[in-house]
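These are my notes from one sitting with the model.

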Amino acid sequence: MNRFRAIEGLRGVLAWAVVFSHLVYFSNIYTHGFGALISHLGRPAVLIFVIVSGFVITHAIVERPELYRSYLTRRFMRIFPLFAITSAIGYFACDVQVLTLARVAYSDDSDFDFVPLVNFVPLVNGIASSNHQNLWLHILAHLTMMHGAISDGALPFSAYAFNIPAWSISLEWQFYVIAPLVLMIVIRHKFLIPAAIVLAVIEGALGAGLFGHFYQPSFLPAAATYFAIGIACRLIYPSIAGSTRYPIGIAALIIIMLLPISGVPIASVLVWMLVYLGLIVGREGSSASFFVQVHRRLWENPVILYFGSRSYSIYLTHILTITLCHFVWIRLKPLAGPLETFVALSIMTVPVTMTAAELLYRSVERPGIALGSRIAQWLNQPLVPRMGALQDILIRKVATSPDAN
């Protein structure tokens with residue numbers, strides 16, 4: 001199956017964008033100078049991750065047809081093992097965050113916000129408190145990876161519990177579950193209009209607050225537009241990649257069509273379309289063009305590709321490593337100001353995150369992928385041959401047992 005190396009590199013850049021946006025928040029410089037610019041990288045980066053998922057999952061389903069049970073097993077084992085381990089560690093890390101943030105010199109700063117209208121320290125305290133008070137409900141929600149689909153009113157801080165960035169992992173899983181059905185509807189054009197109407201009604205109800213309050217677009221209908229962008233880009237890719245005379249014009253047309261859609265950050269769309277345009281132009285024999293050369297050096301260089309291969313581990317571990325580094329830093333210099341804290345945390349967090357990501361990639365993420373692949377291959381086999389193989393094993397055991405003689 002064809003792999004898009006530029007998308008792998010994009011993932012690496014996005015992961016670090018999220019890391020540094022959270023470093024800005026922990027350091028309380030998100031309203032000051034360059035901190036304000038960095039703080040705005042996080043949300044668009046996550047939304048590009050969502051677009052990429054729409055593209056990649058569509059590509060996987062189209063290029064490698066398999067039974068639903070094997071497909072879902074493969075996707076589950078791709079994300080759950082690392083998600084489970086970092087969630088378990090995150091349960092304790094939340095308590096460390098509370099202790100650390102209570103001691104920073106800027107804890108009483110009125111600008112110390114994490115999301116609009118929510119003060120950072122009470123937010124972290126609320127998450128830690130809910131982790132303890134609703135522990136078993138959070139565990140159940142996380143075991144199903146549906147915690148992001150539960151409103152704050154039904155289960156306080158459900159999407160943020162244990163490990164704050166993992167709200168998007170729930171969103172991904174919700175998409176994985178229904179992606180084959182969505183593609184079947186889109187490709188075959190059956191029930192397309194009724195499905196669009198149902199989605200529009202659900203999105204309207206969500207916007208009206210009928211599903212409750214969500215801190216992030218962690219409930220699938222809230223992020224449907226971004227998944228749809230990725231799906232559409234993959235479905236039209238074979239028709240325009242390397243064969244059209246006007247790939248730039250087509251990319252511009254897609255952007256123009258997306259601009260009127262409310263709530264879609266233009267930064268997310270522009271970055272994605274830049275990468276997508278490179279995939280279109282560089283597919284067939286155009287590697288000599290200046291744009292393709294720059295595109296490949298930017299998104300496919302070895303360093304960026306390395307980060308991309310570890311992007312999932314970087315993404316899920318970075319809050320945990322920031323917490324550890326922040327805990328150490330406050331004890332070394334309890335009166336440190338925001339800018340000093342940001343610089344120190346950046347210097348400490350980057351190598352610690354990379355070390356943790358590498359270890360978890362090798363010991364958890366990659367073995368989980370391999371195990372999922374083996375289980376999926378077994379599940380993808382017809383039932384009758386599997387039963388025949390089981391009978392052969394039983395016959396051999398009987399034939400070689402002492403009682404058989």
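**Threonine 321.** I looked up threonine 321 and found it in helix α14, residues 311-332. Helices here are DSSP runs of H or I with at least four residues, strands are runs of E with at least two, and both are numbered from the N terminus. The model is a predicted one, where local features need pLDDT of at least 70, side-chain atom pairs count only at pLDDT 80 or more, and totals for chains, interfaces and linings use all residues. Residues are numbered from 1 along each chain as its sequence is written, and side-chain values use heavy atoms, with hydrogens and water left out.

Is threonine 321 buried or exposed? I note it as buried, because its relative accessibility is 6%. Buried means under 20% relative accessible area, exposed means over 50%, and partly exposed is in between, with a 1.4 Å probe and protein chains only. The side chain of threonine 321 reaches the backbone oxygen of histidine 318 at 2.9 Å. I also listed what threonine 321 touches, leaving out residues up to four places away in sequence: Thr349, Val352, Thr353 and Ala356. A contact is heavy atoms within 4.5 Å.

I then searched for empty space. Rolling a probe the size of a water molecule over the atoms shows where such space is left. The grid is 1 Å over the protein atoms alone; a cavity is a set of points where a 1.4 Å probe fits but cannot get out, a pocket is an open set with protein on both sides within 12 Å along at least five of seven lines, and lining residues have an atom within 4 Å of a point. Grid points are joined across faces, edges and corners, and a volume is the space filled by probe spheres set on the points.

The largest pocket has a volume of about 1100 Å³. It is lined by 33 residues, and those closest to its centre are Arg3, Arg11, Val56, Arg75 and Arg78. Elements that give two or more residues to this lining include α1 (5-27), α4 (68-101), α14 and α15 (338-380). Which element gives the most to the lining of the largest pocket? I found that α3 does, with seven residues. By class I recorded 15 nonpolar, eight polar and ten charged residues in the lining of the largest pocket. Ala, Val, Leu, Ile, Met, Phe, Trp, Tyr, Cys and Pro count as nonpolar, Asp, Glu, Lys and Arg as charged, and the others, Gly among them, as polar.

**Second largest pocket.** The second largest pocket holds about 750 Å³. I counted 24 residues in its lining, with Val182, Ala195, Ala196, Leu199 and Ala224 nearest the centre. Two or more lining residues come from each of α7, α8 (192-207) and α9 (224-240). The lining of the second largest pocket divides into 22 nonpolar residues, one polar and one charged.

I checked the length of α8. Its 16 residues should span 22 Å at 1.5 Å a residue, and the end C-alpha atoms are 22 Å apart, so the two agree. The expected span is 1.5 Å times one less than the number of residues. Glycine 209 follows α8 and has a positive phi near 85°.

**Cavity.** A search of the whole structure gave one cavity of 30 Å³ or more. The largest cavity holds about 60 Å³. Its lining includes Ile150, Asp152, Phe157, His213 and Tyr215. By class, I have six nonpolar, five polar and one charged for the lining of the largest cavity.

**Phenylalanine 157 and its surroundings.** Phenylalanine 157 is in the loop between α6 and α7, with a positive phi near 55°. I count phenylalanine 157 as buried because its relative accessible area is 13%. Serine 130, in helix α5 (residues 120-133), touches Phe157 as well as Leu135, His138 and Pro156, not counting residues up to four places away in sequence. Methionine 145 lies in the loop between α6 (135-143) and α7; its phi is positive, about 55°, although it is not a glycine.

**Chain.** Buried residues make up 49% of the 405 residues in the chain.

Conventions. Polar contact = N/O pair within 3.5 Å; in protein donor to acceptor, adjacent residues only side chain to side chain.
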